Amino acid sequence: MKILLAASEVAPFARTGGLGDALEGMPPALAARGHEVSVVMPCYRGLATDPRLSPRPTGVRLTVPVGDRRWQAEILEGKAPNGSQVFLVRQDELFGREGFYGESGHDYPDNAQRFIFFSKAVVELARRVLPPPDIVHVHDWHTALVPVLVKHARRPFRTVLTIHDLAFQGNFWGIDFGLTNLPGELFSARGLEFFGNVNLLKGGILFADAITTVSERYAREIMTAEGGCGLDAVIRENSAKLSGILSGADYAEWNPETDAHLSQSYSAADLSGKAVCRAALLAALGLDANPRGPVYAVVSRLTERKGIDLLLPLLDRLLAHDVRLVVLGQGETAYEREFSIASRRHRGRFAYRDAFDTPLSHLIEAGADLSLIPSQFEPGGLTAMHSLKYGTLPVARATGGLHQIVQDYDPTTETGTGFLFYDYTPAALWDAIMRATAYHADAPRWQKIVRRAMAADFSWNRAVVAYEEVYARALRSNT
């Protein structure tokens, strides 16, 4: 099959979370299965000269109407470090900015215009490619208008929409519907209208030939009132074309046996390097060496959805013990402030870093003993996959993809790869932390759990087989 993947993020060039990681790992895995795969993304500031891509002009220039204005765009072509072909849609007025979606904690006010433009440019690019792609696979709200545009113009390719996080929907003022240049009847309950606003993700759900989301459990959760973020009825009506496919981890990037960011590599057969990484992590962050208890880690966006409000009340109680805690992440100002204050209160035991740092994130995964993932909602759970590979056992709430990724440790059967809790309360999180801490004190048992965790396989090679089935179903669709 010929497949064009379209997204607002592709790691390592643009990443704020799991979306960018997915668009880094999926293309080479599909190509390894014999498919012809390309990726298209916006040309953000600096990408036109990024040596990792070495982009060059294709000679293709687009004129894209967005409302009353006609925007000019240039298509550049480059090759990612993993060998994937990457197209860049260059329009510097819209995308040559400091941020991807906003600055200083505020979204850009013209995000509707920016990503309606990008979606239209994706369709135009697909139309000009010869032969045209069989599948245009779009991701999240930023490209969810593509299926609507394809169906309206009767383009000769099928569309697949992947929802990485339903909470982000591209919900804008109703007046922004005019930017789509689509007929007025599509601003309706059977189109993009959503309580008087225009909802781009809703349009994608209605018009895509197939829909996927990033875990089987999350596919069920988004059809409920609790997890559907207002779109549960729309998703239930379209559930026949919905599949839950657990995303993969990029083990070329995240593998303790080959990770160049680590001071010493290690494997399940020889865990000695993990102790070296533990010492290196504590030294790098100025924490006291050789704690009797575990090193806990949080690598996450600092938002309520990530369960940070469960962890904050437990900080003093946790750090009263001879343990270490490392938090890496940015997010809501109140959470950042609380962690910053706590790190000063518990010098030597707690370190907080608010700047995303790729080498540090790898060192944390390698050097920590336990990864705290107390999410309220977690569509996929990529952090848990990384933690398992590095033998850093997750303490996670059983929600979304986490429930599928982490198997709760059972001492009677000697099975499991981590520690789950179910109730969304600080008490439930604390119980799981204490359970994990108690087993950490039993070194022989702990090493058995670690080795079992490191053997878990969440590679993209497994995931893309399921995507192939979705693509085949979309090609058979008569809609």
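The legends below describe close-up views of a predicted model. Residues are numbered from 1 along each chain as its sequence is written, and side-chain values use heavy atoms, with hydrogens and water left out. Because the model is predicted, local features need pLDDT of at least 70 and side-chain atom pairs count only at pLDDT 80 or more, while totals for chains, interfaces and linings use all residues.

**View 1. Aromatic pair of Phe-95 and Phe-117.** The structure holds 21 aromatic pairs; rings of Phe, Tyr and Trp (its six-membered ring) pair if their centres lie within 6.5 Å, and planes under 30 degrees apart count as stacked, over 60 as edge-to-face and the rest as tilted. The ring centres of Phe-95 and Phe-117 are 6.2 Å apart and the planes stand at 40°, so this pair is tilted. Phe-95 belongs to helix α2 (residues 92-95) and Phe-117 to helix α3 (residues 111-128), so the pair links distant parts of the chain, 22 residues apart. Helices (H or I, at least four residues) and strands (E, at least two) are DSSP runs, numbered from the N terminus. Phe-95 and Phe-117 are both buried, where buried means under 20% relative accessible area, exposed over 50% and partly exposed in between (1.4 Å probe, protein chains only). Ring pairs join Phe-95 and Phe-117 into a cluster whose members include Tyr-44, Trp-71, Phe-100 and Trp-141.

**View 2. Aromatic pair of Tyr-409 and Tyr-439.** This pair is edge-to-face, with 4.9 Å from centre to centre and 80° between the planes. Tyr-409 sits in the loop between α14 (400-405) and β20 (419-421), and Tyr-439 in helix α15 (residues 426-440), so the pair ties together parts that are 30 residues apart in sequence. Tyr-409 and Tyr-439 are buried.

**View 3. Charged side chains over the rings of Tyr-108 and Tyr-251.** A charge sits over a ring if NZ of Lys or CZ of Arg is within 6 Å of the ring centre and within 35 degrees of the ring normal. Arg-97 lies over the face of Tyr-108, 4.8 Å from the ring centre. Over the face of Tyr-251 lies Lys-389, at 4.6 Å from the ring centre.

**View 4. Strand β18 with β15 and β19.** In strand β18 (residues 370-373), Leu-370 and Leu-372 point one way, Ser-371 and Ile-373 point the other way, and all are buried. Two strands pair if DSSP finds at least two bridges between them. Strand β15 (residues 295-299) pairs with β18 in the parallel sense over two bridges, and Tyr-296 has Leu-370 as its bridge partner in β18. Strand β19 (residues 393-397) pairs with β18, also in the parallel sense, over four bridges; here Leu-393 in β19 is the bridge partner of Leu-370. Together with helix α13 (residues 382-389), β18 and β19 make a right-handed β-α-β unit. A crossover is right-handed if, with the strands pointing away from the viewer, the path from the first strand over the helix to the second runs clockwise.

**View 5. Surroundings of Glu-378.** Glu-378 is found in the loop between β18 and α13. With a relative accessible area of 10%, Glu-378 is buried. Its side chain makes a polar contact with the side chain of Lys-306 at 3.0 Å. A polar contact is a pair of N or O atoms within 3.5 Å; within protein, one must be able to donate a hydrogen and the other to accept it, and residues adjacent in sequence count only if both atoms are side-chain atoms. Not counting residues up to four places away in sequence, Glu-378 touches several residues, among them Ile-373, Thr-399 and Leu-402; contact means heavy atoms within 4.5 Å.

**View 6. Surroundings of His-35.** The loop between α1 (18-32) and β2 (36-42) holds His-35, which is buried, with a relative accessible area of 13%. A polar atom of the His-35 side chain lies 3.2 Å from the backbone nitrogen of Met-1. The side chains of His-35 and Glu-468 make a polar contact at 2.6 Å.

**View 7. Strand β5 with β2 and β4.** Strand β5 (residues 85-90) pairs with β2 in the parallel sense over five bridges, and Val-89 in β5 is the bridge partner of Pro-42. Strand β4 (residues 69-79) runs antiparallel to β5, joined by six bridges. Five residues lie between the strands in the hairpin of β4 and β5, where Gly-83 takes a positive phi near 95°.
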